[in-house]
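Thank you all for coming.

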Amino acid sequence: MSTRNVPARLLIALTASGLLLSGCESLNVLATDPGAAKTRRGAGIGAGTGAVVGLLTSGGDLRGALIGAAVGGLAGGAIGNYQDRQEMK
């Protein structure tokens, strides 16, 4: 193992762990906030639908299902978030 890359690897590890830990708090708020119900529901429906579509369009490849679930979850969550924000107005 090269000792030249130790500071860079340490910096990357600390940055990644900081990002992961800061995400936990925002996920906790999102998971329990009743005002974000449509965001959660949209993300779940989008991920499920995206996984099925990704699996079918990729010829049964698991990677297609995972990509579809990620894209569908993001799209569904964004739509649900928009609906939650409209409901707050």
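I will begin with how the model was treated, then turn to the chain as a whole, and then to particular residues.

This is a predicted model, so please keep in mind that local features need pLDDT of at least 70, that side-chain atom pairs count only at pLDDT 80 or more, and that totals for chains, interfaces and linings use all residues. Residues are numbered from 1 along each chain as its sequence is written, and side-chain values use heavy atoms, with hydrogens and water left out.

Let me start with the overall fold. The protein chain has 3 helices and 0 strands, where helices (H or I, at least four residues) and strands (E, at least two) are DSSP runs numbered from the N terminus, and read along the sequence the pattern is α-α-α. Of its 89 residues, 17% count as buried; here buried means under 20% relative accessible area, exposed means over 50%, and partly exposed is in between, with a 1.4 Å probe and protein chains only. The chain exposes about 6,700 Å², of which carbon and sulfur atoms supply 70%, the areas coming from the Shrake-Rupley method with a 1.4 Å probe, and for residues only the protein chains shown count as cover. If we take contacts (heavy atoms within 4.5 Å) between residues at least 6 apart in sequence, 49% of them join residues at least 24 apart.

Now to the charges. How many salt bridges does the structure hold? There are 2, a salt bridge being a side-chain nitrogen of Lys or Arg within 4 Å of a carboxyl oxygen of Asp or Glu. In one of them, the side chains of Glu-87 and Lys-38 meet at 2.7 Å, N to O. Glu-87 lies in helix H3 and Lys-38 in helix H2 (residues 37–57), so this pair ties together parts that are 49 residues apart in sequence. Glu-87 counts as exposed, at 55% relative accessibility, whereas Lys-38 counts as partly exposed, at 27%. A salt bridge also links Arg-63 with Asp-61, with the closest N and O atoms 3.4 Å apart; Arg-63 is exposed, at 60% relative accessibility, and Asp-61 is partly exposed, at 31%.

Thr-39 is found in helix H2 and is buried, with a relative accessible area of 11%.

Ala-37 is also found in helix H2 and is partly exposed, at 26%; Ala-37 and Gly-80 are 43 residues apart in sequence and 8.0 Å apart in space, C-alpha to C-alpha.
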